[in-house]
Every structure is written in C-alpha cells, then in structure tokens.
Amino acid sequence: MAANDISHEILAIIQGVPAGATNDDLVKGLPDVPAQARLEGLNKLLQQGTIELLKKGDKLIYRAKDPKKSALPKDADNEEKIIYGIIEEGGNKGIWIRDIRLQSNLNMTQLNKILKNLETKKLIKAVKSVNASKKKVYMLYNLEPDRSVTGGAWYQDQDFEAEFVDVLNQQCLRFLQLTRENAEKKREGPLALKRLSCCTVKEVHKFISDLGISKVHLDEDDLETILKTVVYDGSAERIMMPDGSYVYRAVNSPLAAPGLVQMPCGICPVIRNCSKCGDVTPNKCVYMTDWLD
Amino acid sequence: MSIEYANLCSVVVKQVFGETVQIVADCLFCAVSRTLPAILKKTNLSRKEVSTALAVLIKYQLVVFAPCATNPFLAEYSLKREEIFYILRYPSYVQLIHSKYGPVGAAIAEELLHTGPQTATNVLLKCIANSEIKEKIETYRENFLAMVSDNYLIRLPQLISAEEDPVPKLQTDAYQYFAPPDINLHFISEVQAGKEKVEKAADAGIYWHANFSRFHQDFRDTVMIGAIERKLGTSASECFKYILKQMYERTDPWQKDCSNPFTFAEIKQTIEKKSNNLDLIKHLDQYVSLIADDPLRFIRKIGEMGGGQYVVDLNHAFEELTLSWFGSVITERYGSKASRIFRIIHMKKYIEQEELQKEAMIPAREAKLLSYYLFQDQFIQIKTIRKAGGGGTGPAKAFFLFHFKPRQSVRMILNICYKALYNTIERSNFEKSEHKRLIEKSQKLDSIVATMKERGESAEYIEEILETLTPPEREILEKVKTRIKTLSKAELTIDDSIFLLQMYLHHSKVETSLTTKDKK
C-alpha cells in the first residue's frame, strides 16, 4: 500500500540520521509526498514502535528505535510505552515514582495501574532503597540494582545482615589474635613483637577470602569497615603508618572487670529510684537477694 | 558532695562510732563549719554528749577546729568530708603495709588506724601488749622508724599556744612532718615493768597518724602498673615501676597535669643497678619507646636530652583508664554493641544518629535503641544545633549530635558507686538485725564453750552445749555469714572503682573550686 511504502521510506530516512530526523529533513528527503501522507506514515511507524518521538527545543525529532532494545510487546498502549521509556532511562539506579509522574504527566491512579500492569508482565520491578525504607524505585526487570540502592555487601534483600557482620568481626579478631600469638612465639624483643603483630588490610582480606565464609564478594574497603568495628569494640587498635594507611593489632584491655558491676547495683535498672525509704530499698532488693544466695 | 556521698558518710560514721557521733557528724556535714552552741541547738543533744562526740571526731582527725572569725573566744568545727570515706579503706591500708613490712608493720598500722593517732612509745607498748607475734621490741621500733622514713606515718600538728588562749592552736613545720621520733627502748621496758608512766616518755606530745596520701599514691601506682602489665607484659610493667620511682625523685606525687621530665639515661642507670630482668635490660630502649608510643599515653617524649626525655602524663593516663572502665561497665549493663557505640561516640567527638549506625555496623533500630538508652542513663549527652526556621517555611531544622562529656559522666557514675556502697552497708546491717537473735545466741555459746575449754571440762559436756544450736539454725547462721562476707568483698571491689574515678577527677585538666583544695 502507498502508506506502507511511505512509512518505509520515512523510516529509511530517519534511520539514516542517527541523531534523529526533524520534519524538515523528511520534507527534504521526500519532496513529493504530501504532508497528510507523511503524517499518516509517521503515525504508523510510531504505532509500530519502530521510531520514537522526541522534542528538542521547539522542534519535533523522530528517531529510529533499535529493534533489540524495544522489548515492549506490541499490544502495550501508549501510556505504558511512555512510562516504560522513562523507567528505562533510570538505568540501574532506578527512578522514583514521583519522578515518573512528573515526567509523564499522568495522574496517580492511572500511573499505579500501569505500573502494576508492567510489573505483572515482568517488564519492570520495584526495588526497595536501603536508605529510606519506604521509598521504592522502579527499574527494568533484568537490570542489576546499583550499590547505593541496595547498600552493598552488607545488605541482602534490603535487610541489614547483622549476623554476617558479626561473623566477619569474629573472624577478623581471631586472625589478629593469631598473628599476635605467632609474633609472641618469636621472642625477638618488644618492638619486633609489636611490629610483627600488626596486620594490614590486605593480609586480613586474603585470610577472609581463603576462609570462604562470604558468599558476597568483599573488597578491601568493606574489610576496613569491619576492622574499624573491631577497634570500636576495644579488642584491637589502629595505628597509622608513615604512608597514611592503617594497620591493626589485637590488644588486651588495660583494666580487669570493674568492681562496680560485680554487684547487682552496677547493672540495676532502677538504681536511680533506690533509697532508704520507698519501694526500692537495699533491704528488700530482689536482685540483691538473688545475688547473695 | 552529693546526697549519696552524705548518706554513705553518715552510715560509715554510725557503723564505726555510734549514733550520737553520727548525729553530730551529720550536723557538721551540711555546713562549712559550726560552733558548739549551734550544734547543740540543731541536734538537741546534751552538751556533754556533743562534746564527747566532737572529741572523738577530733581525735580521729575527722574534724578540725579554728577560732571563729567574728569571735576569737569561740571555736568553729568543720568536718573533713573526704577523710570519712577513708575509714572504709582501712583494711586495704593494713594490707598494703603488711605486704611491705610484714606482720609487725601491719600490727603497728592497725593499732594506729583503729585507736587513732598516738605517740610512738604508746603505739609500741600497745602493740607488744596486744599482739600474738612474739617479736622483740627492737623489731617494732625498726619497723616504726622505717614507716616514718617512707612517709607512711606523718606527724600531727603540735600544740603551740599558751595556756591563756581560749582556742588551742596547732601547727607543724613542713620539714618536721617525717622527722623520726626519739624512742627510748629502755624507757619502754620500764613502763612495761610498771616502774614508769607512759606520759613521761621523751616523745610525749608528738602524735603520729597514717599518711593517707602516701597510701593513695601506692594504690595509684598499682593501678597504673597493673594496666601496663595487662596490656604490654611483665617486663614493660617492671620498666614502668622504675620510671615511676624516678619520677617521684623530682615530682610532687599529686601534681596535677604531668610530671617533671626525666631522661632515659637515668632510667637506664637505675634499672641496671637494681633489676634482675635480663630481657628488660637488653631491650630497655625498646620497652621505653613501646610505653611511650602506646595509645594509653602513660608517658610522653618531650625531648632528646640524655637519650630521650620523657614525662609521665597522669592526666592522659587516667583518662584512658577511665574510658576503658566505662567501656567495661557499659558492656556489662547494656551489651557489647552498646560499648561499641560508646567508643565510636568518644572517638568521633560529635556524631549524628545515622552516621553512628553506619560506623557501628549495627541494625538501625538496635543502634537507635542503645544510643537512646545510653543517653537516658546519662552516659552520653546530646548537643543540639538549630538552624533558623527555614525562611519562614516549615519548622526550624535541628541537628542532634551525640557526644561524651567525661567529667559529667564520671560524677554521675561516682554517685552510683557511692550509692552501691551505701547499699552494701545497709543490707549488711539489715541482715545482722534480722538474725540478731540467732547471732547473739551463737556468740554466747561460743564464749561459754571457750570458758569451758579453759576450765578443762569434758568433751561430751562441750558437745552437749554445742547441740543447743540446732542444725537448721546452724544452716541459717552459715547463710547469713556467707551473705555478709559477699557484701564485704563487694565493698572492697567497689572501692577500687571509686578510687579510679576519684583519681581521674583529681588529675583531669579542668579546675573547679572543689579540686583546688589539696584533698589528698
């Protein structure tokens, strides 16, 4: 049919201009096609989904769409196409629902319906952001969400993996203590002992990788955060080397268990209410009775 | 001085001296100083009772008097609040002397502490009369003089006023504090034989008393050396012991900030002369630099003179020890995650809630919960920074930063320690009064059995008397005894904590009106 031929010719021209052809380019390429026929052809191409319509300043541009990229099935209507396009642009960081609404100018209920539709068709997915747990970002189904959204190695399905962190903490501490014990066996003098018991992040990284307890890949920065938590636990100390990096070594606490907490008063939750009279007194204290027997 | 401290002192005075003295002491505690008529009016006791009570307190050096500013014929009495607390430490002092001078020294110390200040001759006489240790009088005298020369005993101010002065004046010259007394052994043996009177001794009027600040100095040294030992090993702790000895040669022990400098060469000389530790001598410079570089910051290098000039930094030392103490207490109270949060807040100085959660690698909800628990119990404080209300739109934004104020938290937890100590004493008294009948009965039985044994009664008869204390009663008695023992042990351990915190408050940099007086 004539329309078909025209749309093919238009498509050819548009494909020829990779940046996108304006109306003027089409007029130049097809001088003897009337505006009406051209319009019909363009509409047909748009409906087929082989070209897309963009706006640059005041002008309209038609760009050929890469057939591989457009995974949208043919029976999706226009709104869905628009929204799909917007989400596609979000890349692997995803796009927030409010931003979709702004760009597409659709209202909330309609947008929600379309999003649900696309989700059931398994074209897009919602990913919960780790920073704000209520915020959902949408991205294409087969894309891997970016680290800033998922939180990196410590998050599994947007849940903070506390046990994983604890296990790593224990293992790092054990490694530091092992290094220290080995250094003590050498008996070379105190400064040598101190030097030998220090570990760099690289050594710890190698140890943990060899252990193979982590399903997720951990890099050195991750391990640095774990080692910092060991320092914060008071079991290790962090020494700065002349080149700016840090080494870690296991240390003992300088004090034995404090005297105050060997009594129930040290850990009593109502110590502030305790006095000579009233309900909370040392004479009737239940914690003390338990402790004394 | 807080109310917990006041309660504690009151209960201690009652335990040691009785109720009347307690009433007078309470009256004096809440005032800077009071005259006798004022005390009489407040306590409604008779004049005789109040005078006796005051005399007891003055004898044990818990009250000092001075002429009233407005009326020189009247004396004003003021209570030495810190000294009351030292009564609780008497067993530790005796223990310290025992470890240094043996049982003879311990007997002398115990005598002085329990009967109050006395002349040297008096002390020795009493010791010999009381003790089961059959030592010669010369040993006693040697020990006494050794304790004086090591500054464990100090001379009390002597009476210098004339008879007409209404209020007696006491004074000692500083260089006389540790001048050894003239103890005449011949005279003592004559007194024992009954031929002479004690009052005519050559050193009558020179009263000796335990020098608490010297004991505290030793306790402080033990704490620091123990810390080094736990962290860096025994050789390092020995090295530090010699460093401290060197420090005392040049520095006042209670100097606040850091000691006067000493050089590596001096340490080396002392250690080579006195130490047997080969490892230490071989690696001495390494050990010194190890202690200097350690994050505990006990000593600090300040120059290169004499192979390296160092100062002992007491300020930092006790700050680090107190922090580690806090960490342990928080771990026991709230768990190890909470102590992690505490250390982060201390290291980062000021930190927000979200950053805290990220640094600590603790689930957000748990981190929030624990940090708010710590804030509620005043271990950490919150500083708010408010931004001016955003251009009229919306509420004023505020940032909440956690931070750690050491002095504030230390005072808070010191009060809790005082309260805990008060609770042990109260509970101990309660247990005793609950089972008073039983305890009295057993004591009576014991005394009867003792007299019977002296008279040589038959074993069967003794058995029969012992049977009057039935097994259930015996069980209860045993339980009460163990309870009281646990409570006394707890008293001693809490005192260790209190000592550390008091040392921190003394040595930390900010001066307040309470710390300018030399309390020790």
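**View 1. The annotated helix-turn-helix domain of chain B.** In this predicted model, residues 7-66 of chain B carry the UniProt annotation "domain: RNA polymerase III subunit RPC82-related helix-turn-helix", which comes from an unreviewed entry. Over residues 7-66 of chain B, 72% of the chain is helix and 10% is strand.

**View 2. The interface of chain A and chain B.** Contact involves 50 residues of chain A and 56 residues of chain B. About 4,700 Å² is buried between the two chains, with 61% of this area on carbon and sulfur atoms.

View 3. Five salt bridges are counted between chain A and chain B. In a salt bridge between the chains, the side chain of R272(A) meets that of D377(B), at 4.0 Å from N to O.

**View 4. The side of chain A that touches chain B.** Helices α8 (162-186), α9 (190-196), α11 (220-232), α12 (264-267) and α13 of chain A each contribute at least two residues to this side. Its composition by class is 27 nonpolar, 12 polar and 11 charged residues.

**View 5. Confidence along chain A.** Chain A has a mean pLDDT of 77, and 85% of its residues reach 70 or more. Within chain A, confidence is highest in helix α13 (residues 286-292), at a mean of 88, and lowest in helix α7 (residues 147-150), at 58.

Key: Residues are numbered from 1 along each chain as its sequence is written. Chains are lettered from A and ligands numbered from 1 in the order in which they are written. This is a predicted model: local features need pLDDT of at least 70, side-chain atom pairs count only at pLDDT 80 or more; totals for chains, interfaces and linings use all residues. Side-chain values use heavy atoms; hydrogens and water are left out. pLDDT is the predictor's confidence in each residue, from 0 to 100. Helices (H or I, at least four residues) and strands (E, at least two) are DSSP runs, numbered from the N terminus. Contact means heavy atoms within 4.5 Å. Buried area is the accessible area (1.4 Å probe) that two parts lose on being put together, summed over both. Ala, Val, Leu, Ile, Met, Phe, Trp, Tyr, Cys and Pro count as nonpolar, Asp, Glu, Lys and Arg as charged, and the others, Gly among them, as polar. UniProt positions are given in the numbering used here, feature names are shortened, and annotations may be inferred rather than shown by experiment.
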